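Hi,

Here is the structure I said I would pass along. Have a look at it first, and then read on for what turned up among its aromatic rings.

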Amino acid sequence: MTTPLIAPDTFVTYARGLDLPTLSAICAEVGLPARAEGEADGWVWVTHDAGTSTGGKVADQAGHVTGFRYEDRLGSPNPVETVFLASTPACDCPHGQNYMVPHCDAHPFHFIHSRRGFSQTYFNIGRRRESRRHGDLLVRELLAAGIVGRETPRYEAEPGFNDDGAVTLRIIADRFGLPATG
């Protein structure tokens, strides 16, 4: 049995380009102390419990740490790259299916990749939600897996294919070399 990448109902911010004490301190300074933290394979990470943290605030901070706000600590231009992952249900809010409209604070996007203070790519995971995405990162991998694109025969051939987003999560983990936190 393999260890899941992240535990259920968790928000994880992976960061590359800074050390763990700095990431932990930055999160604590904005009122988001980590539930757990770690480092491996060139990444540091902090986790937050979805039941006690506002997802939108955690996701926003994952992007902010890559931007100009922290250049005095981290250098200019800020060298930090982050990957934010949420293992929470997708937003059922009326605007939750529109990828360019911010979700409610309780339901951030499941995947956000940020550099230089901007979200480069973001989308929700599972049940074909990946087709409503912003950014081109991972398109080749998602196409090759049959998760997005005009031809997605696995959805018809295999009922329940990627409903939980496990295939997409594996693609993200492989692309970035993310270690498991769960």
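A question to start with: are F111 and F176 buried or exposed? Both F111 and F176 are buried. Keep in mind that this is a predicted model.

Now for the rings themselves. Going by centres that lie within 6.5 Å, there are eight aromatic pairs. One of them joins F111 and F123, with 5.0 Å from centre to centre and 45 degrees between the planes, which makes it a tilted pair. F111 belongs to strand β5 (residues 111-115) and F123 to strand β6 (residues 118-123), so this contact ties together parts that are 12 residues apart in sequence. F111 counts as buried because its relative accessibility is 0%, and buried means under 20%. F123 is buried too, with a relative accessible area of 0%.

F111 has another partner, F176, and that pair is also tilted: the centres are 6.2 Å apart and the planes make an angle of 40 degrees. Here the link is between distant parts of the chain, since F111 sits in strand β5 and F176 in helix α6 (residues 166-176), 65 residues apart.

One last thing to look at around F176: what lies over the face of its ring? That is R175, at 5.2 Å from the ring centre.

Cheers

How values were computed. Residues are numbered from 1 along each chain as its sequence is written. This is a predicted model: local features need pLDDT of at least 70, side-chain atom pairs count only at pLDDT 80 or more; totals for chains, interfaces and linings use all residues. Side-chain values use heavy atoms; hydrogens and water are left out. Rings of Phe, Tyr and Trp (its six-membered ring) pair if their centres lie within 6.5 Å; planes under 30 degrees apart count as stacked, over 60 as edge-to-face and the rest as tilted. Helices (H or I, at least four residues) and strands (E, at least two) are DSSP runs, numbered from the N terminus. Buried means under 20% relative accessible area, exposed over 50%, partly exposed in between (1.4 Å probe, protein chains only). A charge sits over a ring if NZ of Lys or CZ of Arg is within 6 Å of the ring centre and within 35 degrees of the ring normal.
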